[in-house]
Amino acid sequence: MRNRFHSLNGLLFNDKGFAFIAVITLSWLLIALSLSYFDVTISEMRFSRSSENSLKAEAVAEAGVEETLWEYNYGGGDFLSSEGWSGSGTKTKTVDPYTDASGNTVGSYTISVANWNTSSPLVTVTGGLAGGTVGTGTQAVVKTMLKPRPVFSSAVKTKSEIEFSGNAYTDS
């Protein structure tokens, strides 16, 4: 069988050489697309992990807010040093490690309560994750202002029914 030659820009290519160059070009194109796809996949995985860690750090910080709410509403609001609080003008407390119900270390948080002896203290809680994640900057800061709980949560409360007589009524 005789070789057939084609001229392209002054260069000679036979049919077999052209097929080889086409296969190599297509292979490089597919490799480039595959690497691009893997890069997008890895970036998405990193973003998902970062989002998950941010949400976990926020949950740890919210645990610190819950502890502060309990102290303010049910613990007397005095933030005693015997309960781990320190400072005089601004009360602070660090919980490290913070563990879940199973005893696994989740992270740590630091609470700062400014104006703790007024009617509206400002609470700032910084929470971070355990296992070296705090070193990578996975932290969350939650700020809130506390208000005292009302003495009575409702106007009338009963365990059973109420019977009105005479001119008594209620509008809600």
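Helices (H or I, at least four residues) and strands (E, at least two) are DSSP runs, numbered from the N terminus. The model is predicted: local features need pLDDT of at least 70 and side-chain atom pairs pLDDT 80 or more, while totals for chains, interfaces and linings use all residues. Residues are numbered from 1 along each chain as its sequence is written, and side-chain values use heavy atoms, without hydrogens or water.

**View 1. Overall arrangement of the protein.** The protein contains 1 helix and 6 strands, and its elements follow the order β-β-α-β-β-β-β from the N terminus. Among contacts (heavy atoms within 4.5 Å) with a separation of 6 or more, 41% are between residues 24 or more positions apart. Ile31 belongs to helix 1 and is partly exposed, at a relative accessible area of 42%.

View 2. Strand 3 (residues 90-99) and strand 4 (residues 105-114) run antiparallel and are joined by 8 bridges; pairing requires at least two bridges found by DSSP. Thr99 has Thr105 as its bridge partner in strand 4, and Lys93 is partnered there by Ile111. The hairpin has 5 residues between its strands, and Gly103 in this hairpin adopts a positive phi near 90 degrees.

**View 3. A cis peptide bond at Pro97.** Pro97 is part of strand 3. The bond leading from Asp96 to Pro97 is cis, and its omega is near 10 degrees. Most peptide bonds, by contrast, are trans.

**View 4. The largest nonpolar core.** A nonpolar core is a set of buried Ala, Val, Leu, Ile, Met, Phe, Trp, Tyr and Cys residues joined through side-chain atoms within 4.5 Å. The largest has 19 residues, of which Phe79, Tyr109, Ile111, Val113, Val123 and Val125 touch the most other members. Two or more residues of this core come from each of helix 1 (15-73), strand 4, strand 5 (122-129) and strand 6 (139-145). The greatest contribution to this core is that of helix 1, with 6 residues.

**View 5. The surroundings of Tyr109.** Strand 4 and strand 5 run antiparallel, with 8 bridges between them. Tyr109 stands opposite Gly127 of strand 5. Beyond the neighbours within four places in sequence, the contacts of Tyr109 include Val60, Ala63, Gly64 and Glu67. Tyr109 is also in contact with Lys93, Thr94, Val95 and Tyr98, as well as with Val125, Thr126 and Gly127. Tyr109 is one of the residues that touch the most other members of the largest nonpolar core.

**View 6. Positive phi at Phe79 and Asn115.** Most residues other than glycine have a negative phi. Phe79 has a positive phi near 50 degrees, and Asn115 has a positive phi near 55 degrees. Phe79 is placed in the loop between helix 1 and strand 3, whereas Asn115 is in the loop between strand 4 and strand 5. Phe79 has a relative accessible area of 0% and is therefore buried. Asn115, at 44% relative accessibility, is partly exposed.

Key. Buried < 20%, exposed > 50% of the residue type's maximum accessible area, 1.4 Å probe, protein only.
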